[in-house]
Amino acid sequence: MTVKYTKEHEWVRVEGGVAVIGITEHAAGALGDIVFVELPEAGKAFKQNGEMAVVESVKAASDVYAPVTGEVVEANGSIVDDPASVNADPEGAAWFVKMKLANPSELDAMMDKAAYDAFVETL
Amino acid sequence: MAGKEAKPLKRTPLHGLHLSLGAKMVEFAGYEMPVQYPDGVLKEHLHTRQKAGLFDVSHMGQAFLTTTRATLGSDEAHGDVASAIESLVPGEIRKLKKGGMRYSVLLSEKGGVLDDLMITRPALDGEQGMLFIVVNAAMKDADFALMQSKLGERTKLEIADDRSLLALQGPSAAGVIDAILPGAGAQTFMTMRKYNWNGAVLFASRCGYTGEDGFEISVPDDHVEAFAKKLLAHPDVAPIGLGARDSLRLEAGLCLYGHDLNKEISPVEGAIDFVIGKRRREEGGFPGASRILKELAEGPAKLRVGIKPEGRAPAREGVEIQSADGKRIGEITSGGFGPTVGGPIAMGYVEKAYAATGTSLQLMVRGKALPASVVELPFVPHTYYRG
């Protein structure tokens with residue numbers, strides 16, 4: 001199963017034509033204690049890099065961008081109820097949304113795990 | 001940016017200690033300061049409310065203002081230096097008790113707040129005629145220049161740039177300090193005393209910026225690292241960054257200059273009219289008195305209030321405040337998440353008609369109108385020690 005990463009620190013894992021999307025460990029760590037998450041509703045469509053969700057730490061609000069073009073099929077309500085879970089398991093249980101991919105080739109240009117880790121090292 | 005020279009950031013004498021403690025450093029008021037340590041803002045905030053937090057606030061401006069017209073050590077000398085500073089602030093400084101301190105504001109001729117500050121009358125008889133002043137880091141150069149230009153030869157301003165400032169805040173603070181500076185635990189809120197510690201003269205003031213009981217301690221630069229380490233050696237004391245300092249003061253309903261107060265806003269609008277002393281209300285004689293006395297009599301056009309968003313979304317500085325029927329009535333000046341409150345909190349200015357506790361408001365966050373209401377400040381009760 002392939003996981004791809006963006007320079008905006010989102011990850012995308014494709015499971016049978018559906019992209020599971022979240023923010024990386026690095027992003028969650030940099031944001032600090034997350035106290036609020038706003039997610040789009042199912043059915044909402046986004047273009048790649050469109051503003052899709054909001055996460056807020058004690059310090060600041062940050063946008064989360066849609067890493068791919070597509071339509072939201074499910075939002076993870078559990079992270080809205082428990083924003084701190086995004087700090088605890090950002091690349092696992094605390095996924096943000098599942099999207100139906102409109103253009104799977106968008107994934108080709110994204111980083112794999114090794115490339116993303118190398119990118120984070122440069123920050 | 002074009003036309004703007006990048007100045008190297010200043011450092012406090014505790015810079016090395018912050019790095020060794022794993023601090024994340026950021027720019028603040030021209031200084032490189034710790035915004036958080038590895039525990040993070042949320043834990044640091046809660047630790048301060050439960051035990052004690054140590055803050056480096058050495059970037060703030062400390063100074064001594066002394067009369068040149070009378071010999072130090074007399075009540076007359078105090079009266080003279082107090083009268084001098086009273087030409088810049090609306091507080092009752094003349095009748096301040098020995099060892100007492102006041103929160104006050106420097107005013108513009110238009111009655112706006114140029115900065116907020118602490119003014120302390122020394123406890124010792126021999127030091128009467130001198131005031132110890134602490135101002136905000138971002139404003140210190142302007143404040144000291146204002147004092148020098150407005151007070152002229154009448155006073156001498158000595159900037160204490162060889163002194164650092166620490167704050168120890170929280171329910172454990174008094175016990176920790178008293179064990180190091182015996183007697184400090186008996187000091188009441190808003191008093192200052194001098195102590196000798198390892199050959200250095202420390203000024204311990206029972207005050208702070210968190211709503212908790214605690215102290216601010218002025219320490220000579222060459223002793224501050226040893227003193228900070230002494231405090232940190234206590235198991236109840238943790239280092240706390242500017243991130244938690246901001247969330248703590250917001251829960252305490254305290255103003256951050258440049259955000260909740262600025263040179264256009266009067267102390268009446270800022271809901272800090274307690275800074276205007278009783279005698280000063282009768283006599284006037286401070287900058288902007290005509291506006292301020294009129295606002296005291298008739299009420300200001302707008303007022304700073306506490307705001308509680310109903311949902312979970314924080315409303316931050318700059319968010320538009322609307323009445324329940326959608327009319328623009330003001331703006332959030334400080335807002336975020338209150339860790340002790342466990343939800344979003346804010347302060348902002350609203351038109352006077354909407355300032356009553358319980359008034360329903362709407363906050364325009366990312367294009368959506370979120371319901372909120374005006375609430376009493378502070379969000380978390382103050383626990384000052386009044387003896």
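Guide: Begin with a charge and a ring. This model is predicted. In chain B, the charged end of B:R163 sits over the ring of B:F203, 4.0 Å from the ring centre.

Visitor: Which residue lies over the face of A:W95?

Guide: That residue is A:K98. Its distance from the ring centre is 4.8 Å.

Visitor: Now rings with rings. How is a pair of aromatic rings described?

Guide: Two values do it: the distance of the centres and the angle of the planes. A search of the whole structure gives eight aromatic pairs over all chains. Take A:Y116 and A:F119. Their ring centres are 6.3 Å apart and their planes meet at 45 degrees, so this pair is tilted.

Visitor: Where do A:Y116 and A:F119 lie in chain A?

Guide: Both belong to helix 4 of chain A, residues 113-121. They are three residues apart there, so about one helical turn separates them.

Visitor: Are A:Y116 and A:F119 buried or exposed?

Guide: A:Y116 is buried, and A:F119 is buried too. They also form one aromatic cluster with A:Y5.

Visitor: Let us turn to strands. How many residues of strand 6 of chain B are buried?

Guide: Seven of its eight residues are buried, so this strand, residues 113-120, is mostly covered. Look at its partners next. Strand 5 of chain B, residues 101-107, runs antiparallel to strand 6 of chain B, and seven bridges join them. Within that pairing, B:L107 stands opposite B:V113.

Visitor: What lies between strand 5 and strand 6 of chain B in their hairpin?

Guide: Five residues lie between the two strands. In this hairpin, B:G111 takes a positive phi near 85 degrees.

Visitor: Which residue of strand 7 of chain B stands opposite B:I119?

Guide: It is B:I133. Strand 7 of chain B covers residues 130-135. Four bridges pair it with strand 6 of chain B, again in the antiparallel sense.

Visitor: On to cysteines. What is a disulfide?

Guide: It is a covalent bond between the sulfur atoms of two cysteines. Here the count comes to zero disulfides over all chains. B:C207 is in no disulfide, and its nearest cysteine sulfur, that of B:C255, is 16 Å away.

Visitor: What is the relative accessible area of B:C207, and what is that of B:C255?

Guide: For B:C207 it is 3%. For B:C255 it is 6%. Buried means under 20%, so B:C207 counts as buried. By that cut-off B:C255 is buried as well.

Visitor: How should I read a glutamate such as B:E251 in helix 7 of chain B?

Guide: Helix 7 of chain B spans residues 242-251 and holds B:E251. Its relative accessibility is 0%, so B:E251 counts as buried. Set aside its neighbours within four places in sequence. B:E251 is then in contact with residues including B:H45, B:R49, B:G338, B:P378 and B:F379.

Visitor: Last, the two chains. How many residues of chain A are in contact with chain B?

Guide: 15 residues of chain A are in contact with 16 residues of chain B. Between them the chains bury about 1,300 Å², with 50% of it on carbon and sulfur atoms.

Visitor: Which residues of chain A lose the most area to chain B?

Guide: They are A:D33, A:V58 and A:K59. Together they account for 43% of what the chain A side buries.

Conventions:
Residues are numbered from 1 along each chain as its sequence is written. Chains are lettered from A and ligands numbered from 1 in the order in which they are written. This is a predicted model: local features need pLDDT of at least 70, side-chain atom pairs count only at pLDDT 80 or more; totals for chains, interfaces and linings use all residues. Side-chain values use heavy atoms; hydrogens and water are left out. A disulfide is a pair of cysteine sulfur atoms within 2.5 Å. Buried means under 20% relative accessible area, exposed over 50%, partly exposed in between (1.4 Å probe, protein chains only). Rings of Phe, Tyr and Trp (its six-membered ring) pair if their centres lie within 6.5 Å; planes under 30 degrees apart count as stacked, over 60 as edge-to-face and the rest as tilted. A charge sits over a ring if NZ of Lys or CZ of Arg is within 6 Å of the ring centre and within 35 degrees of the ring normal. Two strands pair if DSSP finds at least two bridges between them. Contact means heavy atoms within 4.5 Å. Buried area is the accessible area (1.4 Å probe) that two parts lose on being put together, summed over both.
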